Amino acid sequence: MSTPAWMYGYTTYRRPVEEQVIPGRRLGRHVRHDSRSLLYPWQQTGEALKDVLLTRHIPVLDQGDTSSCTGQAETGALGTDPLYGTLPADRQAQLNEALALNLYSAAEDIDGDGPYPPNDNGSTGLSVCKAAQNEGLISGYVHCLSLADVLDAISAGHAVILGTNWYDSMDNPDSSGLVTISPGAQVRGGHEYLARGIDTARKLVFCDNSWGPGFGAKGSFSYSWDTLQRLLSEEGDGTVSVPLTQPAPQPQPAPPQPVPPSPAPAALLAELAALVRHAAGNAAQEIRDVLDFLSAHGL
């Protein structure tokens, strides 16, 4: 299939994020931003934000000592409303660690770094959503381009996988699961995780990690809207998977229709010369025809 004309000239930016490895608390998200993603934004609802905690139907996963956080996050999204209910029973039963690693491996292939195993290089949110789409688990995906987009998407009932920096102080949530970026904290790497709830009064986002139930509040954590705003400003991104029951997203705005190429200059000149020769032996109407020809071709 040929590449649509409007896709020519796109840019892709990718930056590996070095990880300071802590066994059992692995990371693995890298930055990959594609200018074509701007054509598939989350469409804000315009409704007031409301408190939401989406139901998760599968346990919190544990990526162990792999860099598979992207696959873990997307599998978590598939196991959470509304995606979970759109999957057939046999696919619901497969929402486990094995699927997370398969999606991670496919995402690595898309990035050009796979497969896993043997390669374990980390991946990106963009690629893991493409992997889930290729696997027939979602119809497509759209992108949250701001804090307001993330909050609106969750409030509207959609989980968001977030790819952000992960600071060393975030390794130590308080007893409620709240994580913060402490003064002097350092980026330990990049991480992908699932956001599935907001508290509008306390301005908190509720997320699921992929380090098993021993982290935070039974495997989950929260942070402030201000923290998320900061993380998004540091090359962070959010992606919403579209359920199978909905059509695949279409570019917004619609791409321009290809413009037929103009005739070659030599052909234009030959046609112009013929008109001029004809006009020389005729009246003013022929001269007007020549002027119309010139105007129609921007000459």
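Strands here are DSSP runs of type E with at least two residues, numbered from the N terminus. Strand S1 of this predicted model covers residues 12–15 and contains Thr 12.

Thr 12 is partly exposed, with a relative accessible area of 42%. Leaving out residues up to four places away in sequence, Thr 12 touches Arg 32, His 33 and Asp 34. Asp 34 is 22 residues from Thr 12 in sequence, yet their C-alpha atoms are 4.3 Å apart. The side chains of Thr 12 and Asp 34 also make a polar contact at 3.4 Å.

**Asp 199 in strand S6**

Asp 199 belongs to strand S6. With a relative accessible area of 12%, Asp 199 falls under the 20% cut-off and is therefore buried. A polar atom of the Asp 199 side chain lies 3.0 Å from the backbone nitrogen of Ala 201. Beyond its neighbours within four places in sequence, Asp 199 is in contact with Asp 51, Leu 204, Phe 206 and Trp 225.

| Residue | Relative accessible area | Polar partner and distance |
|---|---|---|
| Thr 12 | 42% | Asp 34 side chain, 3.4 Å |

**Helix H6**

Trp 225, a contact of Asp 199, is also one of the buried residues of helix H6, which runs over residues 225–233. Viewed down the axis of H6, the buried residues fall within an arc of 155 degrees, so they line one face of the helix. Asp 226 and Ser 233 are exposed on the other side of H6.

Several elements cover the buried residues of H6, including helix H5 (147–155) and strands S5 (160–167), S6, S7 (204–208), S8 (220–224) and S9 (237–242). Just after H6, Glu 235 has a positive phi of about 65 degrees.

**The cavity**

The search of the whole structure finds 1 cavity of 30 Å³ or more. The largest cavity holds about 60 Å³ of space. Strand S6 (187–199) and helix H1 (69–78) each supply at least two residues of its lining. Among the lining residues are Cys 69, Gln 72, Ala 73, Glu 192, Tyr 193 and Leu 194. Arg 56, Leu 61, Asp 208, Asn 209 and Ser 210 also line the largest cavity. By class, this lining has 5 nonpolar, 3 polar and 3 charged residues.

Methods. Residues are numbered from 1 along each chain as its sequence is written. This is a predicted model: local features need pLDDT of at least 70, side-chain atom pairs count only at pLDDT 80 or more; totals for chains, interfaces and linings use all residues. Side-chain values use heavy atoms; hydrogens and water are left out. On a 1 Å grid over the protein atoms alone, a cavity is a set of points where a 1.4 Å probe fits but cannot get out, and a pocket is an open set with protein on both sides within 12 Å along at least five of seven lines; lining residues have an atom within 4 Å of a point. Grid points are joined across faces, edges and corners, and a volume is the space filled by probe spheres set on the points. Helices (H or I, at least four residues) and strands (E, at least two) are DSSP runs, numbered from the N terminus. Ala, Val, Leu, Ile, Met, Phe, Trp, Tyr, Cys and Pro count as nonpolar, Asp, Glu, Lys and Arg as charged, and the others, Gly among them, as polar. Buried means under 20% relative accessible area, exposed over 50%, partly exposed in between (1.4 Å probe, protein chains only). A polar contact is a pair of N or O atoms within 3.5 Å; within protein, one must be able to donate a hydrogen and the other to accept it, and residues adjacent in sequence count only if both atoms are side-chain atoms. Contact means heavy atoms within 4.5 Å. The arc is that of the directions from the helix axis to the C-beta atoms.
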